[in-house]
Amino acid sequence: MTDTAPVVEPTLPDGWELVVGLEVHCELSTATKLFCGCRNRFGDDPNTNVCPVCLGLPGSLPVLNGSAVDYAMRLGLALNCTVNPAVFARKNYFYPDMPKDYQVTQYDLPTSTDGHLELPDGTVVGIERAHIEEDTGKSTHVGGSGRIHDATHSLVDYNRAGIPLVEIVSRPDIRTVESARAYASELRAILTSIDVSDAKMEEGSMRVDANVSVRPIGSDELRTRCEVKNINSIRSLGRAIEYEANRHIDLYDSGQTPRQETRHWDEANGRSTSGRSKEDSEDYRYFPEPDLVPLDPTGAQVDAIAEAMPPLPSARRHALADAAGLEAGSVALVVERGQDELALAAISAGADGGIVIKHLENNLADGTGELTAESFAALAAMEADGRLSATQAKTVLTDLVASGGDPTSIAAAHGFEAMDTGELDAILDRLIADNPDEWGRFVDGDRKVQGFFVGQIMKATKGQADGKVVNMLMQQRAAG
Amino acid sequence: MATTALEVASAVRAGERSARAVVEEHLAVIGEREAEVHAFNLVMADEARERADAVDAAVAAGSDPGPLAGVPVALKDNMCTRGVPTTCSSRILAQWRPPYDATTVERLTAAGAVIIGKTNLDEFAMGSSTENSAFGPTKNPHDTSRVPGGSSGGSAAAVAAGFAPLALGSDTGGSVRQPAALCGVVGVKPTYGAVSRYGLLAFASSLDQIGPFAHTVADAATLYEAIAGHDPRDSTSIPEPAAPVSSWLDDGVDGMRVGVISELSGGGIEGIASDVQARVRVAADALAAAGATVEETSVPSVIYGLTAYYLIAPAEASSNLARYDGVRYGLRVDGPNTEAMNVATRTAGFGDEVKRRIMLGTYALSAGYYDAYYGKAQRVRTLIIDDFAAAYEKYDVLLSPTSPTTAFELGAKVADPMTMYVNDVCTIPSNLAGHPAISVPYGVGDDGLPVGVQVLAPLMGDVTMFRVAAALERSLP
Ligand SMILES: [Zn+2]
């Protein structure tokens, strides 16, 4: 889902600056899990996609899914990273939803390092690393209030255990809440456009944790940060960061300092609560995973993945913005929805870029159906030269999406096509003749009577006239 | 009754003996001595009879059941057998029945073998005497007041006692070769990756390797060929078919170069008994008499092997054994919350030696200690590989004792773990390097108990190793 609600840029108190880095886990949409042949699918009955390997049964061994590695390398290249030889490691800690009580991940030698991504407004955010790891199962706590503290028992679903993840760690380059949201959106756009993840935050296939700190503007220090987890939407991401930043500022203002810790975002109450402190955090005792061999992709493999890379959102935004004569930021939504190909085709068939983007943004959120570039261009031309009002164009567009066809005949079928300026001229002539006093006041510059004439014309045309065209005709007539 | 596996298989394939009769004969021997020896955690009498009948039916139908047709094989109880308890001699897994077979079990079955039981071991293969079993120790069939060695003591004893002509063990630091030496049978640690580990309950993944026990080198070679070869389910499996180790057994050692490792033969490490050293010298002379060039040579870093091993193996074990947490299978001791349940389960489920190694390994991997312990141990490992590489530029194989002493008394070393660990000093370097090594029974010590001589070969040198072992075997009176 796209967050289209208007954003009011929150302001930190004067003199403070945000410092945010994001850690994003995304599930790769491979057919099977990272180390076994079990189906990688969301929503199946609990514990139906499991086998000895992903249940971590004694004696089982992992076998690396080559397409997960390909996906991860594609993602690394899309994030402008260097793709390296890599080594899997074990991250050791006890948790009931983790079948082996260690997680296979990449530690000091990750697949991708040192990249960046460009936000629609041109901001560049550094990517420190993007490494492959396995997902854990999912616990449900039963009895009591359903929270872990007073549950009577827990149920574990291991369908998710062993699903391939890539964790993308940004550098602490993010300075505004809006940039944090844009980063998450942009990453999601990249993930879906290169077809490596469905990146659905609500299904947990994309999970965002925020490392938040603040500092006085002008300083380049990195102060104590808190990692905020349990953020379930891009909207929550903004709220959580804003809350956390203000919490830090309040502490500094009262002479205290934040404690480095993991905090949980509580969306219902709009606040974060203290989790594990970093001081008593676990020692994960990483060591190289002896059941797997090091990954050493050849240059040819990496080149082949790079060559097969589809155009990325930032390149697509620039291409569409150039064609439409607009700013890159203003075509972001269209690109995110994957409608840029149609937009470019319509523009190259002669359509006005602004009209095309306006319709795609406002009227085509649910898809473009049977709409072709040619009919889109024809419709835009009719709207541009006043043959159709914006309202009429939207009606014709709805029909084009539903069943295709020729916009001229659809407009005719709706009775729109006769509404040329000749007919409006005639109506206006009659109105001037019938209301000479009012017309005189309009000519003398009394704009208050303009609404009267427009209203009369709309009434006479049953609302089919284009308000802009009516205004233009009245101006011309008054002037000359 | 035929004693070698090859004789049994040949008779069964020819229809001269029934697999069922072979099984009954071995079950009878088990009936006579198992109470005294305690080689098995489980004798699979019914399954073995059923399986033998299937082999006989195949022969009757004119099809070949395979190179191990009707041969009883004893299986170390750390390899998964579908639906049959697989315990690792641990309370924590006492009730666990795997839903799948280990690759080695599948291959044994495909070769016509009959699994006759699951053998005792030191819990999770951690030990050198099979005294660390939750189900009681195994005794050495040559003298039941003595240990059979370990950790695959049950498998070694089963072959030595005539319970089965063949057995499989696993060798992480000598756990096949050392009990083979102490029980007077052949024991093999193949090149790391030659035999699939799929279905082997892990102790130390980078060192574990499954290997055969047999009375003869030829039998061991046949079993090796049946279980080795690439397995796509084990990422560390060598992507090649099994080495044809039986093919050169008779070719002798004329012109081969043999180095006797001086550090393991009285010239470095303390505690190698003089009667054991003497048997190695006899073996070296025999190879020289058969046409090999034999010299003493130094592999300096082998003396650090023991220390490196007792950091790397426990480190990997601490991670491999984390999964026994009471959540999904095996023992569960309830507690007020998950963490308390984990602790109660592991406290009750693991024996002292397992707990000791989990703690040692956890410590070795801890932040701030990693470089000093685990990291340094890995550098020693590299050093040992380099030293072996230098030695193998001059020699085709190396020779050493398998175990510093003959079988010791039950209980003699239980109180002092370090004394027990020293048992593996000669065998550990091959595991650290990933190289193959074999223990060949070569006479007896001053106490009349068996002595094993170890033949070490370079990576993928399994064929040469078997060939030299066969020559040694022929040199015995
Ligand atoms: Zn699975």
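Author: The model is a predicted one. Helix α5 (residues 313-324) of chain A and helix α7 (residues 340-348) of chain A pack at an angle of about 25°. That value is under the cut-off of 35 degrees, and therefore α5(A) and α7(A) are roughly parallel to each other.

Reader: How far apart are the axes of α5(A) and α7(A), and what is the hand of the crossing of α5(A) and α7(A)?

Author: The axes of α5(A) and α7(A) are 10 Å apart. The crossing of the two helices is left-handed.

Reader: Which residues make the contact of α5(A) with α7(A), and how do you know their classes?

Author: A contact needs C-beta atoms, placed from the backbone, within 7 Å. From α5(A) the contact takes A:Arg316, A:Ala319, A:Leu320, A:Ala323 and A:Ala324. From α7(A) come A:Asp340, A:Ala343, A:Leu344 and A:Ile347. Ala, Leu and Ile count as nonpolar, while Asp and Arg count as charged. By class, the contact has seven nonpolar, no polar and two charged residues.

Reader: What is the order of strands in the open sheet of chain A, and why do β4 and β14 stand at the edges?

Author: The order is β4-β3-β14, with antiparallel pairing. β4 (102-106) and β14 (287-288) of chain A each have a single partner strand, so one side of each is left without a neighbour in the sheet.

Reader: How many residues of chain A are in contact with chain B, and how do they divide by class?

Author: 25 residues of chain A are in contact with 32 residues of chain B. The side of chain A that touches chain B has 16 nonpolar, three polar and six charged residues.

Reader: What domains does the assignment give for chain B, and what separates their centres?

Author: The assignment gives domain 1 (1-299 + 380-477) and domain 2 (308-371) of chain B. Taken over C-alpha atoms, the centres of these domains are 28 Å apart. Their contact takes 27 residues from domain 1 and 21 residues from domain 2 of chain B.

Key. Residues are numbered from 1 along each chain as its sequence is written. Chains are lettered from A and ligands numbered from 1 in the order in which they are written. This is a predicted model: local features need pLDDT of at least 70, side-chain atom pairs count only at pLDDT 80 or more; totals for chains, interfaces and linings use all residues. Two strands pair if DSSP finds at least two bridges between them. Helices (H or I, at least four residues) and strands (E, at least two) are DSSP runs, numbered from the N terminus. Axes are lines fitted to C-alpha atoms, for helices over the stretch in contact, and angles run from 0 to 180 degrees between N-to-C directions. Angles under 35 degrees count as roughly parallel, over 145 as roughly antiparallel, 65 to 115 as roughly perpendicular and the rest as oblique. A crossing is left-handed if the near helix is turned anticlockwise from the far one by less than a right angle, and right-handed if clockwise. Two residues are in contact if their C-beta atoms, placed from the backbone, lie within 7 Å. Domain bounds come from an automatic or database domain assignment.
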